[in-house]
Amino acid sequence: SDALLGRNGGDEFCILLPHCTFKEADKQLQQFTKLPKTFSYHGKKVAFYISLGYAEYPTFAASPSQLMRCADAALYEIKLHGKNGCMAYRAGLSSGVRKQLGFALKDISEHLPGAFIIYKADKKDDELLYANRRCRSLLPTRDYKGKPCYALLQGQPAPCPYCTNARLTPDKFYVWEFNNPSMGRHFLLKDKLIDWDGRPARLEIAVDITEQELLSRDTARKLETERTLVECIRRLMDAASSREAAQAVLSCVGGFYQASHAFLLELHASGRSVHCTQLWTAAAPEPLEFPSISLSNGSLLNRLLESPQAQCILAERLGPEYRQVAAQMQDAGVSALLFAPLPHTFGRGLLGVANAASGIDDTRVLESLAYFVGSELSRRRLQSRLEYQNRHDALTGLENRLQYQRFLAGPIPAGPI
């Protein structure tokens, strides 16, 4: 009832409680701060929050003006920690924080598009001192006061082994990039040492460049795709035999997808089953066993052969109707298969990789190479068939006169003819 209320200016008010102990005031002020506060505007309730700092006379002050400075220092300390709180003055708080950091730090950093963080640069104490709005939006909790940086920023139970505190100086910013797995974002970071009330602290500005990083990775992946295609086609055309050509392509495609195996499945002459005609195996894994697989109208392989696009099969996602296929994949140590159909000029067949560790969502290389390898192998087989027909009698299958003349034109081995 004997409290004195005054307005300092703007949105700042001052309350003097002349007959109240520190313990009583602390309890009342803490409760008051936590109460929800609203005002009405055009019939709508709008919530608002307060920041409150207080000090006791004569414990920390010898005069009214000094008491005001102590309460003011506590007020701006709580503002620097994100507002909406209450703090008592304690030894070590400096009223200079208001002049040096209060308006400049809060007003400017709160509207920065990037995260702005200050925390202690001490191996034994990594407590967060300040975080702007953007940084607070990335943290798992808004209550960051007194919590270590490695827990809030990195989701780690202990100080990070890659901490760069040792590289920081007060003279210039240390610039680096970091992919934060806890936040799922990629940041460009600028760090330096600053003085925070007489103790070393780390000032960090973090700019989220996740979208740029994804675009950069996508561009790099496209360039790698083009290089792989060009190299595969070159090796395909330079190969001396069909088998060598197929192995060259399987090696390229297996390396591109970082797969354990790459293979070529072809339809049997009977048209009732498929079998593996070419297999490439990475250095470590054991060769896969591909038995001849019978086809039926409902079989998974039959559906893959009819599909115009590449298909990915994950053992863990196969439905109950393909339980046997999933079991066979798991027994063979295969978790994923990626298939692309060969062109119809080649006949029914599939180009595939097993256990792809990279690019499983990018089927362009597999689809393109399936077309090229199918077309090239078809051309080579047709050429081989024409050469055979050119040298053999169609009725008897024996070598014809042309082959005999070629034989005589070459070196004749010793012995009877």
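1. Leaving aside neighbours within four places in sequence, T164 is in contact with Y174, W176 and R202. T164 itself belongs to the loop that runs between helix 5 (149-152) and strand 9. The structure is a predicted model, and the points below should be read accordingly.

2. Is T164 buried or exposed? The relative accessible area of T164 is 5%. Because buried means under 20% relative accessible area, T164 counts as buried.

3. On confidence, the chain averages a pLDDT of 81, and 88% of the residues score at least 70. Among the elements of the chain, strand 9 (residues 174-180) has the highest mean pLDDT, at 92, whereas helix 3 (residues 96-109) has the lowest, at 53.

4. Residues 96-103 deserve a separate remark, as their pLDDT is below 50. Beyond near neighbours in sequence, this stretch has 15 contacts in the model.

5. Two packed helices are described by the angle between their axes and the distance between the axes. For helix 6 (residues 210-238) and helix 10 (residues 364-391), the axes come within 11 Å and cross at roughly 10 degrees. Helix 6 is therefore roughly parallel to helix 10, because angles under 35 degrees count as roughly parallel.

6. Which residues make this contact? Helix 6 contributes K222, T225, T228, L229, C232, I233, L236 and M237. From helix 10 come R364, V365, S368, L369, F372, V373, E376 and R380. By class, the contact of helix 6 with helix 10 comprises nine nonpolar, three polar and four charged residues.

How values were computed:
Residues are numbered from 1 along each chain as its sequence is written. This is a predicted model: local features need pLDDT of at least 70, side-chain atom pairs count only at pLDDT 80 or more; totals for chains, interfaces and linings use all residues. Side-chain values use heavy atoms; hydrogens and water are left out. Axes are lines fitted to C-alpha atoms, for helices over the stretch in contact, and angles run from 0 to 180 degrees between N-to-C directions. Helices (H or I, at least four residues) and strands (E, at least two) are DSSP runs, numbered from the N terminus. Angles under 35 degrees count as roughly parallel, over 145 as roughly antiparallel, 65 to 115 as roughly perpendicular and the rest as oblique. Contact means heavy atoms within 4.5 Å. Ala, Val, Leu, Ile, Met, Phe, Trp, Tyr, Cys and Pro count as nonpolar, Asp, Glu, Lys and Arg as charged, and the others, Gly among them, as polar. pLDDT is the predictor's confidence in each residue, from 0 to 100. Buried means under 20% relative accessible area, exposed over 50%, partly exposed in between (1.4 Å probe, protein chains only).
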